Amino acid sequence: MENEKSIVVAADIFPEILPIFPIFDRPLFPKMMVPIIVAENDAREIIQKALETSPSYLGLVLTKSKSNDVEQVLESKEDFHKIGVVGKIVQVRESEPGQPMPIMLQLLERFEIFELNGKPPVFLAKVEYWHTVEMAANEELKAYSISIIDCIKEMMQMKPLVQEELKLLMSRLDINDPGTLADFAAFTASTSGEELQKILETKSIRARIEEALILLKKELEISKLQVQINKRIEERLTTQQREFFLKEQLKEIKKELGLAKDDTDTEVEKFKKRIKTLKLSEEAKTRIDEELEKLQLIPPSSPEFNVTRAYLDWLTILPWGKYSKDKYDLKRATKILGQDHYGLNDVKERILEFISVGKIKGDLSGSIMLLVGPPGVGKTSIGQSIAKSLGRQFFRFSLGGMRDEAEIKGHRRTYIGALPGKFINAIKTTKTSNPVIMLDEIDKIGASFVGDPASSLLEVLDPEQNQDFLDHYLDVRFDLSKVLFICTANQLETIPGPLLDRMEVIRLSGYILEDKIQIAKKHLIPKQLKLHGLTARKVSLPVDVLHELIDGYAREAGVRGLENQIKKILRKSTKKIVEEQLNKVNIRVEDLPDFLGRRVFQEEKLYQGPMIGVVKGLAYTSLGGATLYIEATKIVSNQPGYKQTGQLGNVMVESSEIAYTYVRSILGKKSKARDFFAKHFIHLHVPAGATPKDGPSAGITMACALYSLALNKPVRDDLAMTGELSLNGMVMPIGGVKEKLLAAKRAKVAHVIFPEDNRMDFDELEDHIKQGIAVHFVKTFEQVRKLCFPK
């Protein structure tokens, strides 16, 4: 392909075996003088090996490894490329051990490694040299050489920083030596080491000079692009600087003419104007005056100026001494509560009592309410109704998952981006010092290494302390005693005792089926019809459909699930109206599976008829009341014993052991029963096994299951019970009477057993909840036994 007439130039006689020195990042090229710095001990050993001969030659080879650690690279022979450059050590400057050793090398020729011997760190290579070839006159090579020189000249104009280096290079270039010209051109390119290694490994001068020219052309294009980018940026900066200077000049001119004020004066006037409308405490007034003086002394360009301005902005924007006027109209409050909520008469009564106290006393300070109940019973909306009844501003935020006490009490101003806590932010947002603040999900508040928010709430929710609430950011006391705090929770067990002690607990137990039907008719269906662009004339949901919908698809204590099912029905009805061009969709009971799928809640009876060792109990969960079965069975065994399953908690396991011990003690006089316990292993289970359960209220239920199993007598299947059992057979009181009674009614239970000590709790319930079910109050297990096993 090439018509190259070449003459081999006489050269030094090089050794056949060379010590190999690793080169990182970029290879070196022949016909150059380069200094290198030897720092590592392993590299020193290689140099010492080369200096054993005179003249001293060294093979410099690019490594394939990306590591710059000489020791790591020298561990393998495979880390070296095959082609390198032989260098003659011209000068060595001795240095102390551990100090870098500078060396000057004259790079001479390429070589190819055929065999690599030795062991780390010194490798000796058997090489063959690629001696310099002097090319005869060739117009094509001359054209390549001129193109390379032109590229270098153009780059000199675009790269002022390397201009001197390129000038020096140009003075040493010879157009009649294309091979050396290609090497020097490649050496100046800022490309990757692998691409430069390819040029080093190219033996043909024509191919080498072509590759070098391509590299230079790429470099030139990148340089042109850099120049364009720099020019654009400089133009933009020049425009911005010009605008800045003009604005500053205009500002100074206006100031001289008295037409404008500087930033500091403007900010100070704004803050002083705000202060005139506020009733500041002495502490706040003193702090604001101090900060205003400081602001006037700080130059606007200082970072401290913005920090002080932000602090003054918070201090002066808070409604110090501003209160909204409370409305103590009981009729108006009754109307608002009735419009927004159905049922919950005990809760409404408590709120009206609360408003009545405010009317006589003149204010509602020191009141902190806790609304406890299952999800979807209306805790949050009741808080909004209270604010509306009183004519106060309402602010709500959730405590669920909060782990940082700074969310409550703010960050200290020493931190960048510091802000006040949620309570000060609520006061700022509502623009009044006596809003209604709702703390949602207080039972789900967390704790972490950055603090315990629950402990921070102790100060906020204490009427004796919150009149001097100190936010870390404000560092000035603010009066929160006029704020009405309303908290919500699903359960009390996870709320810290000292925090719970500061609140008045109001329970929202949930709704029975009849309540849900009325809520759906009066609130949920009209609301969702409006949201879906429908009217009652377009979609009809009769009472029997609502009954089946609630019983089969939305049996939870609240109404959130019911609302979601109504949404689903209305969406499908809308689609049906559009697709089939209908005027009205009449929903029937038999249509519900088509709209909502298979019935979610089946009948709660797992067993048809009474069963030996099976008793129905009542439980209270964060989702409301529920029925659960206690099952006991026997296994004939020479090793009698007792075990429990069903993911029972520690308290429930102890209750089952008390029940087992008590039943064995009362049946100990009967020989048949004694033989039963002596020859059988007893297994007690509480379905469902995947649901964790705990609490003491299943004591009598477990005892009845064991008693039934021991005497081989079934328990009445129309009966459900709850009560804690003592070791002496006393029935102790339990919680969640209303929720458990509602669960019994949902399961169509005819008779319920409650502890005698819960009679007052039952008497306080609404009449419509107590109707349709027979309740038996017991003090001892003997009374339970007579009800469960009538003769």
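## A pair within one helix

R287 forms a salt bridge with E290, the closest N and O atoms being 4.0 Å apart, where a salt bridge is a side-chain nitrogen of Lys or Arg within 4 Å of a carboxyl oxygen of Asp or Glu. The two residues are three positions apart in helix α9 (residues 282–297), and are therefore separated by about one helical turn. R287 counts as buried at 19% relative accessibility, whereas E290, at 45%, counts as partly exposed; buried means under 20% relative accessible area, exposed over 50%, and partly exposed in between, with a 1.4 Å probe and protein chains only.

## Basis of the model

This is a predicted model, in which local features need pLDDT of at least 70 and side-chain atom pairs count only at pLDDT 80 or more, while totals for chains, interfaces and linings use all residues. Residues are numbered from 1 along each chain as its sequence is written, and side-chain values use heavy atoms, with hydrogens and water left out.

E563 forms a salt bridge with K527, their closest N and O atoms lying 3.2 Å apart. Because E563 belongs to helix α20 (residues 560–580) and K527 to helix α18 (residues 513–531), this pair ties together parts that are 36 residues apart in sequence. E563 is buried at 14% relative accessibility, while K527 is partly exposed at 45%.

R309 likewise forms a salt bridge with E267, at 3.6 Å between the closest N and O atoms, linking helix α10 (residues 303–317) to helix α8 (residues 263–275) across 42 residues.

Definitions and conventions: Helix = DSSP H or I, 4+ residues; strand = E, 2+ residues; numbered from the N terminus.
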